[in-house]
Amino acid sequence: MNFFKNVLATMVGIILFSMLSFFLLFIVGIAISASSESTVSVKNNSVIKLDLFAVTNDYGGKTRVTDFEFSEKNNDGLIDVLNAIEFAKTDSSIKGISIENNASMLGITQRKAIREKLNEFKKTGKFVVAYSDGYSQSEYYMNSVADTVYLNPMGSVDFKGLASEILYMKDLQEKSGVKMEVIRLGKFKSAVEPYLQQTMSEENREQMTVLLNSIWDDVITDISESRKISKDSLNVIATNLDGRTPELALKNRLIDKIAYFDEYENGMRKAMNIEKDKEINKVDILDYVTSTFGKSKNKAKDRVAVIVAQGEIRGGEGSVNIIGEGSINRALKEARNNENIKAVVLRVNSPGGSALTSDIIWREIELTKKVKPVIVSMGDVAASGGYYIACNADRIFAEPSTITGSIGVFGVIPNFKGVADKIGVNAETVKTHANAAGYSVFEEMDPGFREMIQADIQRVYDTFVNRVAAGRKMTYDQVHEIAQGRVWTGSMALENGLVDEIGGLDKAIAYAAEKAGITDYKINYYPEYEIKLSDLFRGLLGISVKEAQQQAIIETVGKENYELFERLNYLKETKAIQAMLPYQINIK
């Protein structure tokens, strides 16, 4: 009887799988057909609408489903936007760029890259204009590059300086009974500080103050050049909040015109010689990316590989938001073995993560640079594990506001002894050897176990420092002096020897080509992430459930409490030794 039940269950499973596979293939077919038919045709006398709301990563990513060799490339990364603006410089159909109520989640160095590319665009004689109902500080930083900056008559410019808020949770642990057992190394390794105390340490306050001042100086330097306002004046404006009304913003030259959106569009019509009753031909930036894809006339055989490592370092295959040794090392090997690829640029945008995975990637970079030049370009953040995978490159480029360094490690282990005592649970252990049981979350951490973990962290820290010392041609003591978890900006890292040069991705690529001795070349972007059909099904079914759960929790406990929960949950699930940025920096 059981035999027939098993056969029937197997047949049902096969039928369901076949139906789901057919359904997925049908959906994929529709998607491919739709994408091939939705290419935007750019009309003459058009303007690009620079809407960056959907742009979050440096790299949109390429994904391949291994079961039936289907692949897809997302052209919605910062790199795609920059390449599109570069193309628009010589596109006779494009007359200018319009930034309209632009709201995005891009970081400061990503916005800086956009600013620089818009500056280049302006030099061709084409216009860049910006309009907003109200500028946030990060939006204003990017939009201030425009030829003319418009503001709604009821709007404001949020210009007040930088601040960063760090949440401390020692009291929360005591009240809940959940304790995070922390083992750290480094004077400034404050990733775990919020779980050890209720107030900020002087060391952390010192490095945060220096960090914010360095970033702020870079921000107002760029605004000063674009708006022709001295840095001293900008600091006074920020202190006095002299952008809080349209009139004050205009008086202090933060903006050029107070106007409604229809008046803004009339200004563009005048610049483009379009009658007032005629529509302006606008093309969204991501549609323009699609329309220009593959139109490059460069037929060069030589290549420079740009391998993007973005997100937390967690291991495994990785994805567009997670760095794993699977996809990154596969890309490095392909670049190393491809005769047409003459140099490699590793673009790093990561706060770090798994020390083990960082070392595995470090090793692959070490093997690659023995064959071809490996240059690193740092984005918004290349700290801790992010710096680990960068430190042995032939040359390192960073933006002035890049968050880097944080050379240190820590371990976090949850302990539920307090909760167990409160609810009347007692754990008893039987074992054959002294260390057979390892660590129990229901008992106080044994001093011997703590010493063992401390020794492991010391070993990883020493390895990290030695990796940096070898890559940067420094001694262990020289690296240790600027390490200990200390965080630096790109400008500060240039002074202490952690990076070689200030510049963005374009500069790093140009240097890599020069190092390889090539002048005519194309760029290949990596990695390609591999997934199985079963993973795709799991993702399709799981994403909606996870989002619903997340929204329900937020509605119940509030957004700030949910963020506390997420940070506690992350450290609870962190099992290996971490090389992670000291804290989550939310600049306001």
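Helix α2 covers residues 78-88 and helix α3 residues 108-122; I find an angle of about 5° between them, with the axes 9 Å apart. The axes are lines fitted to C-alpha atoms, for helices over the stretch in contact, and angles run from 0 to 180 degrees between N-to-C directions. Helices here are DSSP runs of H or I with at least four residues, strands are runs of E with at least two, and both are numbered from the N terminus.

I note that this is a predicted model, in which local features need pLDDT of at least 70 and side-chain atom pairs pLDDT 80 or more, while totals for chains, interfaces and linings use all residues. Residues are numbered from 1 along each chain as its sequence is written, and side-chain values use heavy atoms, without hydrogens and water.

From α2 it involves L78, V81, L82, I85, E86 and A88; from α3, Q110, A113, I114, K117, L118, E120 and F121. I sorted these residues into 9 nonpolar, 1 polar and 3 charged.

Next I turned to an open sheet of 3 strands, ordered β3-β2-β22, with mixed pairing. Pairing requires at least two DSSP bridges between two strands. β3 (70-73) and β22 (528-531) are the edge strands, each with a single partner, so one side of each has no neighbour in the sheet. The average twist from one strand to the next is 20°. I traced β2 (residues 62-65) alongside β22: the two pair in the parallel sense over 4 bridges, and T63 stands opposite Y529.

Beyond neighbours within four places in sequence, F159 contacts Q137, Y140, W216, I220, I223, L234, I237, A238 and L241.

Last, I checked S144, in the loop between α4 (137-143) and β6 (148-151). S144 has 0% relative accessibility and therefore counts as buried (under 20% relative accessible area, 1.4 Å probe, protein chains only). Leaving aside neighbours within four places in sequence, S144 is in contact with R115, V149, I223, S226 and R227.

Methods: Contact = heavy atoms within 4.5 Å. Nonpolar A, V, L, I, M, F, W, Y, C, P; charged D, E, K, R; others polar. Buried < 20%, exposed > 50% of the residue type's maximum accessible area, 1.4 Å probe, protein only.
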